[in-house]
Amino acid sequence: MPSIPLSDAILSESPKDKKEKKKKVKNQTFIEASETEGSIGKKSKKEPKLKNNPKESVSEEEEMSEKKMKKKEGKKRKASDFEVMLNGEEDRSETSSELVEPVNDKKKKKKAKLDEVDQEEEEVLKAKDPNAISNFRISEPLRAKLKEKGIEALFPIQAMTFHTILDGSDLVGRARTGQGKTLAFVLPILESLTNGPAKAARKTGYGKAPSVIVLLPTRELAKQVHSDVEVYGGALGLTSCCLYGGAPYSAQEIKLKRGVDIVVGTPGRIKDHMERGNIDFSSLRFRVLDEADEMLRMGFVEDVELILGKVEDASKVQTLLFSATLPDWVKQISTRFLKPNKRTADLVGNEKMKASTNVRHIVLPCSSAARSQLIPDIICCYSSGGRTIIFTETKESASTLAGLLPGARALHGDIQQSQREVTLSGFRSGKFLTLVATNVAARGLDINDVQLIIQCEPPRDVEDYIHRSGRTGRAGNSGVAVMLYDPRRSNISKIERESGVKFEHISAPNPAEIAKAVGGEAAELITQVSDSVIPAFKSAAEELLNTSGLSAVELLAKALAKTIGYTEVKKRSLLNSMENHVTVLLEIGRPIYTPSFAYGVLRRFLPEEKVESVQGLTLTADGNGAVFDVAAEDLNIFLAGQENAANVSLEVVKELPPLQEREQSRGGRFGNNGFGFAGGNRFSSRRGGRDGRFSGQRNDRFSNGFRGGRGGKKW
Ligand SMILES: Nc1ncnc2c1ncn2[C@@H]1O[C@H](COP(=O)(O)OP(=O)(O)OP(=O)(O)O)[C@@H](O)[C@H]1O
């Protein structure tokens, strides 16, 4: 992840703090300048020495690596060291030992030395990174744990806020999805509790009251954040528990009774524990609202206020509020919870692009009826073999779609919590690669190797788009987010405008694209088949070759297609992505103002049943035409008919023209759960994939009886 200079971000602060920061930035610039000077000086001093190095028994290659080594060594040496090198003292001792050693040992030794040098150089380079963890007041056990987890430097939002939080300020933090906001609050809080200002007040011993409370909008997210708290807090001897709904109270109560330093959870369950007298907030030093906007939008305002209001002396408590999206109304509400001198670290600020910049944002026209057939092809072409999360608007559509996609599982609020946990852990561990979820998975979830996000329709709010698409492209990785939209009903320009995303428009993947994407996978499956099958199947293969009238290559192509479940390749229309349909443009030499006018024109030269078979008629943005889908088998009837109508032109389009958008309307749009059960689903025969994508597994159907969360959320 690239480091963002502090000046590129907005960190609002008091005048006194500004002075401090100026001082720090000045120091930082100074360090960088002296480093540059240093490296130039080293180079000029080192080269003459290497030229003069008296090596008799070494090959040219060895001499080159020797030079490389010296060069590397030179980089980490101080000026005084160079004096020594120039005097040749070091080289003399090395050369003398080399002379008595056999060549092989000498090579090994040199290689070991080179490795050592590489490692040391790496250490030096890391230390030079202003965001290297060694540059922050992070204690040794925590540093070691971070290193163990592969974290050598802080991400920009973490670097920006670490000392501010550790030094006691309230803070509002915003950074795009996947940029490490969790550790941005976890690390300084842990340090403050163990080595910083909150240490003195922290209770210890059996039954201790918690020092920190972290509130999150969903159970899954609470568990995820808690696992970070457990890992890093555990390294410092801090204890924690996770309180969320749908799980038994008793285990949570036992933990609270024993006493913990940090409580992580969802507002509803935390409030329940408070009402049962299980939590004592008298020692609280930190309150964190993660995904604050979502929590408040979900109607948790009262619970949140009640929980936050439980502290005895608010002046002693630090409040932190983080999210990738902070609409103005949340900023206003935040003034109720945070102190007036709060700081703001905003890595998005007024930048146009609010969504993840590591994600390819794509839109694809598709009618609701065609979704379940199109989605497997999108997965083939854009998931790079990794995990896919598909977002639907309702719990019902999530279950239905998961049932239609082989190997997919559903996750939503009507599924029992224990099953939700099994599903999510199966997805995390790679037991299955396609998760169909409602917004319950939109926020914060950090799952390794999610390569593709599919949104079945544009979400209502731009925030939803930003968070859903942000489940991929995390921690500096790249990803793809495909949003399906119905050209007649959806309004994608609002999301484009408000998120700052410039959508890439594509049409449904064509057969060649699909074959290119999965052909290699099919070939690999075939090569994996043991040679032992050849004698058994050889005569059947020969007979097929002799009788089919096809060449060996053609037959093999069929076998490859069948291996990954394709028994037929169907063309799709551009407008609705419907199989075996084509998209046609109607023009009459003057504007077409309404769809009914367009239907009237069609009635002039087509029988009524053909007019009624037209799918998704939509006016073009310039008002001069209308596009619609017709069944491929009826195309000739349409084209022949136009010849009998004056001024009427009908043509098959190769590219969808810009279309008139409608304001998004909701409710009752998706009679059939939004997913057509078209006959002959060509994926029904998919078998044999390694990853469950093509395994033909049946999807577990989930009970609808349990309503998770509060207030009957639609997800
Ligand atoms: N300094 C770091 N170096 C390397 N990886 C990091 C660092 N900080 C965090 N990560 C990793 O980056 C990923 C994203 O972090 P996190 O989930 O905190 O992002 P986020 O900003 O909260 O995203 P969202 O807005 O979607 O909730 C996680 O896998 C986390 O372990």
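How many nonpolar, polar and charged residues does the shell around the ligand have? The views below start there. This is a predicted model: local features need pLDDT of at least 70, side-chain atom pairs count only at pLDDT 80 or more, and totals for chains, interfaces and linings use all residues. Residues are numbered from 1 along each chain as its sequence is written.

**View 1. The shell around the ligand.** Eight residues are nonpolar, eight polar and three charged. Here Ala, Val, Leu, Ile, Met, Phe, Trp, Tyr, Cys and Pro count as nonpolar, Asp, Glu, Lys and Arg as charged, and the others, Gly among them, as polar. In total, 19 residues surround the ligand (C-beta atom, placed from the backbone, within 6 Å of it). The closest are Thr177, Gly180, Lys181, Thr182 and Ala475.

**View 2. Where the shell comes from.** Helix H8 (residues 181-195) gives the largest share, three residues. Helices (H or I, at least four residues) and strands (E, at least two) are DSSP runs, numbered from the N terminus. Domain 2 (135-346) and domain 3 (359-510) each supply at least three residues; the bounds come from an automatic or database domain assignment.

**View 3. Helix H22 (residues 595-603).** Ala598, Val601 and Leu602 are buried (20 or more other C-beta atoms within 10 Å of a residue's own; exposed means 12 or fewer; C-beta atoms are placed from the backbone). They cover an arc of only 100 degrees around the axis, so they sit on the same side of H22. The arc is that of the directions from the helix axis to the C-beta atoms. The face turned away from the buried side carries exposed Ser596 and Gly600.
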